[in-house]
Each structure stands twice: as C-alpha cells, then as structure tokens.
Amino acid sequence: MLIVKREEERTTRERILFMLKQQGTLTAREMTADLGLTGMAIRRHLTALEQDGWIEVREARATAGRPSSVYQLTVRGDSFFPKSYSSLTLELLEELSESAGSGVVDALFESRRDKLLRSGLPQMEGQDLAGRVEELARIQNTNGYMADASREDDGTYVITEMNCPIVQVASVYKQACRCELELFRSLLQAEVERTECYADGGKRCKYEIREASGN
C-alpha cells in the first residue's frame, strides 16, 4: 500500500508541474478543481513541491479584493521538461569539425577553459589549498555540477561532482574532460587526478587533490 501511495503522489505532482508549464501560473483553487482533489490534499502536494524547489509562490494583485497566491515553476521545475540543447550542441560541433577540422573544436574547448580560468583565478587569491578547494567546489556547484568538497584522513582533498550538465557533449568530445582537469590544476595550483568520470560511464566525477610537489 505504501508503494502505491507514493506512486499516486508522484503522478499527481507531475500533473501539477505539467499544468503550471502549460498555464504559467495557477492558484491552489484552480488546481484543486482541475485535479479533483480536496484543498488539503492539493496543498500537501504544493508544499512538498515548493520545499523541493520545483515551484514557488508569489502574490498576484487582483482587480478587486485581496491579492491571491499563485504558483509557478522555478528554474529547476522548468528543467523537469526535456530540452534539446545537448543535441543541438553536438550537431553544431560535428558540423564545425567536418568543415574546419578537429583542431578548431580543440581550440573552442581550450578557449572555454581559459575563460573559466580568468573568471576563477581572482577568487582563489590569498587562499590556501583548503580554501581554493572549497571555492572551486562552490563555483562548480553554482554551475550545476552538484559539487562537494571533503578531506581524507591522509590529507588528500576530494571534489565530487554528482552531476555533469555537459555529459552528452563530454561523452563524444573528450576535450571537455581534458580541459576541465587542466582548469582544476591551474585554479588549485596543485596535483589533481581524476579517479572517476561521468562521461566514461562512472556514477560521478571525482577528483583527488594534493599539494604540488615542492610546496
């Protein structure tokens, strides 16, 4: 019974997301009518979706009377729906490689690496390795990599990325992974080894970081 209940809740919440995607904004009352649920039941689903970051609520001014609360998708909620960005990027890179050669694709990834390096270096200034590792994890987390930094008992630092926003591209164009490793080494000024890679079939990207020899 518990499994069935959870499946029902998941389906209802997906229906709410679809409704908000189609309508833009809806009140709890409007969703209650469309879904055939009680007010208490719909609010339970809405509270769960809001707490998980899928939807948000705001006050909407009415022409008369009190403002009403309306719900809408967050950026995360919108990401629930399929996007074709990766497919388009792969098509463009393939055409670029065929027309201009693989060297141009290499240069493109290297240019992206250099841009990220210029952006990240100022945030590393004045920090020891521990601080740089934490800052890099924060930067990667902001960019959607779900990054986490930790330290092992032997003093080795570890950055673990549980998501890769460009995994479809990186699975075909290994330059992306190579450039990320080079970027990490430059930003951290340390020895960095990738021990697991999402694009190579791993469940995550994992980097082990040690003080550079001679430091």
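Predicted model: local features only at pLDDT ≥ 70, side-chain atom pairs only at ≥ 80, totals over all residues.
Reader: Which residues is R113 in contact with, leaving aside its neighbours within four places in sequence?

Author: A contact requires heavy atoms within 4.5 Å. With those neighbours set aside, R113 is in contact with C179, E182 and L183. For the protein chain, 47% of the contacts between residues at least 6 apart in sequence join residues at least 24 apart.

Reader: At what angle do the axes of α6 and α9 cross?

Author: Axes are lines fitted to C-alpha atoms, for helices over the stretch in contact, with angles from 0 to 180 degrees between N-to-C directions. The axes of α6 (residues 102-124) and α9 (residues 175-188) come within 9 Å and cross at roughly 25 degrees. The two helices are therefore roughly parallel to each other (under 35 degrees; over 145 is roughly antiparallel, 65 to 115 roughly perpendicular, the rest oblique). On the α6 side, the residues that meet α9 include V105, F109, R113, L117 and M124, and their partners in α9 include A176, C179, E182 and L187.

Reader: How do the axes of α7 and α9 cross, and which residues meet there?

Author: The axes of α7 and α9 come within 10 Å and cross at roughly 140 degrees, and α7 and α9 are therefore oblique to each other. From α7, the residues L129, R132, V133, L136 and Q140 meet E180, F184, L187 and L188 of α9.

Reader: Does E135 count as buried or exposed?

Author: Buried means under 20% relative accessible area, exposed over 50%, and partly exposed in between (1.4 Å probe, protein chains only). E135, which lies in helix α7, counts as buried because its relative accessibility is 14%. Apart from neighbours within four places in sequence, E135 is in contact with Q123, M124 and Q127. Across the protein chain, buried residues make up 35% of the 215 residues.

Reader: How many residues has the largest nonpolar core, and which of them have the most contacts inside it?

Author: Such a core joins buried Ala, Val, Leu, Ile, Met, Phe, Trp, Tyr and Cys residues through side-chain atoms within 4.5 Å. The largest one has 32 residues, and F109, V133, L188 and I209 are those with the most contacts inside it. Elements that give two or more residues to this core are α6, α7 (129-142), β3 (147-151), β4 (157-161), α8 (167-172), α9, β5 (190-196) and β6 (205-211). The largest share, eight residues, comes from α9. Another core, of 16 residues, lies apart from it and has A28, I42, L49 and L73 among its members.

Reader: What does L188 touch, not counting residues up to four places away in sequence?

Author: With those residues left out of the count, L188 touches L129, R132, V133, L136 and I209.

How values were computed
Residues numbered from 1 in each chain as written. Heavy atoms only, no water. Helix = DSSP H or I, 4+ residues; strand = E, 2+ residues; numbered from the N terminus.
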